[in-house]
Amino acid sequence: MNLSPVVIAIPMYFILMALEMLVLRFQKHPGYRLNDAITNINCGVMSQVTGVFFKILSIGIYTLIFEKFGVFEIPNNIWTFLILFFLYDLCYYWAHRMSHEVNLFWGGHVVHHSSEEYNLSVALRQSSTQTFWTFFFYFPLAILGFDPLMLILASGMNLLYQFWIHTEVIGKMGFLELFMNTPSHHRVHHGRNPKYIDKNHGGTFIIFDKWFGTFQEEEETPTYGITTPVRSWNPFWVNVAHYATMKEEIKQIKNLKDKIKYLFNKPGWLPAYLGGYRAPKEIESNFQKFDTVVPPSINWYIFSQYILLLVLTGYFLFQVSSFSWVPKTGISLLIIWTTISFSGIFEKRSWYFPQEFIRVICFSFSIFFLFGSNIPQVLLLSTLGVYTFASFFWLFKNRKLSSKISSASL
């Protein structure tokens, strides 16, 4: 069983999001949009699923450094864990700050900032590639001699802390604002207002921002998102959009030296002969959030299917160690496919209708493969038959949508 604090806390995430929705409704605050919230969670799902494969690399290298180059034999107890937690947050600060100040690294972090809302679901909007650009920032902890298992625990606790600060429900928090990261401080971090950009990088503590000159108090309410909106609900495209832009821009750069500068300078940098640095601009007066509209019946279809996806994903993440590589890869691909399929429905893509039928069949076969030996086959086959028929009926009933969709491709 996967005992990662982040995975164990999955049920609590959704309970807290439900409570936040109730409070926001009481406050008459719009707060959530279904397409945005599902995209946020989809990015988190994709990050956790791909992390099953990628995080082995980062933890493996950390463990190797710990075993070969660790200077001290640090015991595992509550006091050393508290020291590690503080030092981990210091490393996190620099990893996070460089993810904003280095163009290549920004490609792995921009996913988290690309939502134009600010609620608890945004906390789950995580990148699938950020690990590649940040895992080495924690190597000093391995050299000091902090156990890899303690690091995993500190990392999980740090990430869990950051979940609750992604909300507009909570205002300023008095003396805690002096040294802890709070919703107010983190709202600043998610603002695309020029004075808010690249501020408040701390994870648990805000003191590092105050020490190193990146602190900004929340003044006016931020406008959330990024300066070049991604304008898509597709979690795969959200993860690669910045890299795609980099690919096109680097083609225009004439020499190797400037190409390297482009990779490692701040996002927005270009050589002088291409116009130079593009500084963030003030929010446009006619700014509108990206949105798409589908019939309510289609929203309900996605919501219903999404509940099933979350159950499958939760089961997979909890039991991942019991799977061999073939089913592990197959289920991962099915989960990612499903998140992309939902984005196609939200965006009214021409390919959504036929491939969704195939996806439903593959989903049913996967459930039978996973649970065929644990549930009476007559009951399981009957349930899957009802699910498949109901899904097909729902899609056919709303087939008129397919005649109105755009012919845009992925």
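A nonpolar core is a set of buried Ala, Val, Leu, Ile, Met, Phe, Trp, Tyr and Cys residues joined through side-chain atoms within 4.5 Å. In this predicted model, the largest such core has 49 residues, and those touching the most other members are Met17, Ile302, Phe316 and Ile335. Helices α2, α3 (34–69), α6 (120–123), α14 (296–319), α15 (325–346), α16 (352–371) and α17 (377–397) each contribute at least two residues to this core. A separate, second core holds 35 residues, among them Val102, Leu141, Phe146 and Ile165. In soluble globular proteins, nonpolar side chains tend to be buried together.

Apart from neighbours within four places in sequence, Ile302 is in contact with Ile38, Phe342, Ile345 and Phe346.

Some nonpolar side chains lie on the surface instead. Met12, Ile15, Leu16, Leu19 and Leu22 make a nonpolar surface patch of about 460 Å². Leu22 belongs to helix α2 (residues 10–26). Its relative accessible area is 57%, so Leu22 is classed as exposed, the threshold being over 50%.

Charged residues come next. Side chains of opposite charge can pair when their charged atoms come close. The model contains 14 salt bridges, and a network of them links Arg33, Glu117, Lys289 and Asp291.

Arg33 sits in the loop between α2 and α3 and counts as buried because its relative accessibility is 18%, where buried means under 20%. Beyond residues up to four places away in sequence, Arg33 touches Glu117, Trp233, Lys289, Phe290 and Asp291.

The salt bridge between Glu117 and Arg33 has its closest N and O atoms 2.8 Å apart. Glu117 lies in the loop between α5 (103–113) and α6 and Arg33 in the one between α2 and α3, so this pair ties together parts 84 residues apart in sequence. Glu117 is also buried, at 9% relative accessibility.

Asp291 forms a salt bridge with Arg33 as well, with a closest N–O distance of 3.4 Å. That pair links the loop between α13 and α14, where Asp291 lies, to the loop holding Arg33, 258 residues apart. At 41% relative accessibility, Asp291 is partly exposed.

Lys289 forms a salt bridge with Glu117, the closest N and O atoms being 3.1 Å apart. Here Lys289, in the loop between α13 and α14, is joined to Glu117, in the loop between α5 and α6, across 172 residues. Lys289 is partly exposed, with a relative accessibility of 41%.

Conventions. Residues numbered from 1 in each chain as written. Predicted model: local features only at pLDDT ≥ 70, side-chain atom pairs only at ≥ 80, totals over all residues. Heavy atoms only, no water. Patch = residues over 30% accessible without salt bridge, like charges linked within 9 Å, V, L, I, M, F, W, Y side chains within 5 Å. Areas by Shrake-Rupley, 256 points an atom, 1.4 Å probe, with all protein chains shown as cover. Salt bridge = Lys/Arg side-chain N within 4 Å of Asp/Glu carboxyl O. Helix = DSSP H or I, 4+ residues; strand = E, 2+ residues; numbered from the N terminus. Buried < 20%, exposed > 50% of the residue type's maximum accessible area, 1.4 Å probe, protein only. Contact = heavy atoms within 4.5 Å.
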